[in-house]
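Subject: The structure I promised you

Hi,

Here is the structure I said I would pass on.

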Amino acid sequence: MTPTDYRSLAEPYSIHRRTHPGVLAHLSAQLSALSRVLEVGCGTGNYLTAIFESVGCRAVGLDPSPDMLAKLHERRIPVETIQASAEHLNMFHDELDLIYSVDVIHHVRDRPAAFHGAFQALKSGGRICTVTDSEWIIRSRQPQSVYFPETIEVELKRYPPIAALRSEMTRAGFSALHEVLTEHRYEITDAAAYRAKVFSSLLYIDDDAFERGLARLEADLRRGPVQAVSRYVLVWGTKP
């Protein structure tokens with residue numbers, strides 16, 4: 001599958017993508033102003049900005065896309081940014097308290113290398129959190145899997161199974177692995193985010209399927225808000 005081109009998505013991402021309240025609460029829960037935090041695949045900086053503003057910790061954002069990082073810089077928050085991929089954390093050694101990624105792990109080409117680098121970068125007692133989607137979450141997405149069911153098989157091929165992530169994190173040295181499911185219910189009142197294809201799976205279905213789904217969604221929105229639910233599973237590990 002062709003890698004997603006985030007150069008064209010930086011602007012719509014900055015407009016339409018938002019933090020998940022449950023994910024943000026779990027990531028922030030044990031942080032303090034003295035914590036040093038790294039987000040892998042920080043994109044335009046939604047989570048990094050929110051964590052910095054709520055906790056005041058030292059924050060670093062890593063992303064391979066200069067266009068995404070440019071949008072983060074526009075926020076004018078005092079965070080460090082590094083243009084690099086998840087596999088390149090060798091600039092850190094035993095110095096980070098938390099490394100996390102949100103909906104990024106399916107883009108990482110060499111996950112064992114990324115987890116090994118994260119293990120080396122964390123302090124003893126530091127934590128890693130991989131925020132991702134399980135098979136059940138992908139099949140149950142609302143409204144995406146309702147209006148664009150063709151994305152289900154696309155996503156099942158893209159996202160690594162939770163069991164595979166746990167195995168790779170364990171081999172990297174992480175212990176105390178556990179999972180947390182978080183859910184956020186809300187309403188959609190317009191289809192702008194879907195029209196802009198800010199959910200990257202929409203880029204991988206054919207044009208007819210996309211147009212059919214968008215037409216159905218817009219028709220339902222003309223009758224009123226569409227109920228939506230966003231779920232994530234957080235896979236946690238600790239460096240002994």
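First, some housekeeping. This is a predicted model, where local features need pLDDT of at least 70, side-chain atom pairs count only at pLDDT 80 or more, and totals for chains, interfaces and linings use all residues. Residues are numbered from 1 along each chain as its sequence is written, and side-chain values use heavy atoms, with hydrogens and water left out.

**Helix H11**

Let's start with H11, which runs over residues 207-222. The names come from DSSP runs numbered from the N terminus: helices are H or I with at least four residues, and strands are E with at least two. The expected span of a helix is 1.5 Å times one less than its number of residues.

Which residues of H11 are buried? They are Ala209, Phe210, Gly213, Leu214, Leu217 and Leu221. These residues cover an arc of only 125 degrees around the axis, so they sit on the same side of H11. "Buried" here means under 20% relative accessible area, "exposed" means over 50%, and "partly exposed" is in between, using a 1.4 Å probe and protein chains only. On the face turned away from the buried side you'll find the exposed residues Asp208 and Arg222.

What covers the buried residues of H11? The cover includes helices H7 (144-147), H8 (150-158) and H10 (192-195), plus strands S6 (175-188) and S7 (226-238).

At its start, a side-chain oxygen of aspartate 206 comes to within 3.1 Å of the backbone nitrogen of aspartate 208. After H11 comes glycine 224, with a positive phi near 145 degrees.

**The cores**

A nonpolar core is a set of buried Ala, Val, Leu, Ile, Met, Phe, Trp, Tyr and Cys residues joined through side-chain atoms within 4.5 Å. The largest one has 30 residues, and Leu38, Ile99 and Phe174 have the most contacts inside it. Among the elements that each supply at least two residues of this core are strand S1 (36-40), strand S4 (96-102) and helix H9 (162-172). Helix H5 gives the most, with 5 residues. Apart from this core lies another, of 26 residues, including Leu27, Tyr47, Ile77 and Val79.

Leaving aside neighbours within four places in sequence, isoleucine 99 is in contact (heavy atoms within 4.5 Å) with residues including Leu38, Val40, Ala118 and Ile128.

**Valine 60**

Valine 60 lies in strand S2, and is buried, with a relative accessible area of 1%. Glutamate 80 is 20 residues away from valine 60 in sequence, but their C-alpha atoms are 4.6 Å apart in space. Not counting residues up to four places away, valine 60 also touches Leu38, Leu48 and Phe92, among others.

**Charged pairs**

How many salt bridges does the structure hold? There are 16 salt bridges, each a side-chain nitrogen of Lys or Arg within 4 Å of a carboxyl oxygen of Asp or Glu.

One of them joins aspartate 94 and lysine 239, with the closest N and O atoms 2.7 Å apart. Aspartate 94 lies in the loop between strand S3 (80-83) and S4, and lysine 239 in the segment after S7, so this pair ties together parts that are 145 residues apart in sequence. Aspartate 94 is partly exposed at 39% relative accessible area, whereas lysine 239 counts as buried at 8%.

Another joins glutamate 183 and arginine 231, at 2.9 Å between the closest N and O atoms. This pair links strand S6 to strand S7, 48 residues apart. Glutamate 183 is partly exposed, at 41%, while arginine 231 is buried, at 13%.

Finally, look for Asp133, Arg141, Glu155 and Arg158, which are linked in a network of salt bridges.

Cheers

Conventions: The arc is that of the directions from the helix axis to the C-beta atoms. A polar contact is a pair of N or O atoms within 3.5 Å; within protein, one must be able to donate a hydrogen and the other to accept it, and residues adjacent in sequence count only if both atoms are side-chain atoms.
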